[in-house]
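Please keep the sequence and the coordinates at hand while reading.

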Amino acid sequence: MPDNQIYVACLAAYNSGHLHGEWITPANDKDELQAQIDKILKSSPIEDAEEWAVHDYNDFPNLGEYPGIENIIKVQEAIDEHGADVVNAFLENWSIEDLDHVGDAYYGKYDNFTEFAEQLAHETIEGLNENHTDSTLARYFDYDKWERDLSHDYHEGEGENGTSLIFNANW
């Protein structure tokens with residue numbers, strides 16, 4: 001099954017005891033998505049079917065049974081731009097209304113939070129970079145406390161293969 005899909009079900013068929021629906025990769029245009037849904041409803045075993053619901057999600061954030069076309073499009077656009085794992089991890093901490101800020105918040109993919117904290121320290125604190133490995137600061141710097149303090153300002157989400165996706169909480 002392709003990634004980033006939703007299962008759109010016909011409610012008239014469902015309420016009549018028939019399972020009728022289809023997995024679709026949502027279009028990120030309102031008219032195109034509506035056409036995808038209309039196609040499913042027109043092929044329903046129940047005449048004049050009008051109501052639909054999302055009954056399952058595949059690599060797409062769970063927006064509930066009645067997410068609305070606008071929310072589906074907003075998520076699909078974010079997935080197209082940032083990838084499903086980033087959008088899923090972002091929505092673990094923020095709401096769909098915040099989705100416009102995923103690019104502001106996303107900091108990157110790391111093996112784990114410790115790797116992120118160490119890299120950030122080396123990039124931003126003079127005396128910890130490669131040229132100063134024998135500096136007094138480098139000998140006494142407490143990476144564990146630095147990492148603990150960063151955990152208040154950054155959120156960690158799960159990416160592919162157990163990687164860590166880091167988001168700045170102060171976007």
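A residue is called buried when its relative accessible area is under 20%, exposed when it is over 50%, and partly exposed in between, with a 1.4 Å probe and protein chains only. The model is predicted, so local features need pLDDT of at least 70 and side-chain atom pairs count only at pLDDT 80 or more, while totals for chains, interfaces and linings use all residues. Residues are numbered from 1 along each chain as its sequence is written, and side-chain values use heavy atoms, with hydrogens and water left out.

By this criterion N168 is buried, because its relative accessible area is 19%. N168 belongs to strand β6; helices (H or I, at least four residues) and strands (E, at least two) are DSSP runs numbered from the N terminus. Not counting residues up to four places away in sequence, N168 touches W94, A105, D153 and Y154, where contact means heavy atoms within 4.5 Å.

N4, in the segment before β1 (5-10), has a positive phi of about 60 degrees although it is not a glycine. N161, in the loop between β5 (154-158) and β6 (164-168), likewise is not a glycine and has a positive phi of about 55 degrees. Are these residues buried or exposed? N4 counts as buried because its relative accessibility is 15%, whereas N161 is exposed because its relative accessible area is 81%. Leaving aside neighbours within four places in sequence, N4 is in contact with residues including I24, P26, F60 and I79.

The charged pairs come next. Side chains of opposite charge can pair when their charged atoms come close. A salt bridge is a side-chain nitrogen of Lys or Arg within 4 Å of a carboxyl oxygen of Asp or Glu, and the structure holds 4 of these salt bridges. One of them joins E70 and K30 at 3.4 Å, N to O. This pair links distant parts of the chain, with E70 in helix α3 (residues 69-82) and K30 in helix α2 (residues 30-42), 40 residues apart. K30 is partly exposed, at a relative accessible area of 46%.

Another salt bridge is formed by the side chains of E160 and K109 at 3.7 Å, N to O. Here too distant parts of the chain are linked: E160 lies in the loop between β5 and β6, and K109 in strand β4 (residues 106-110), 51 residues apart. K109 counts as partly exposed at 43% relative accessibility.
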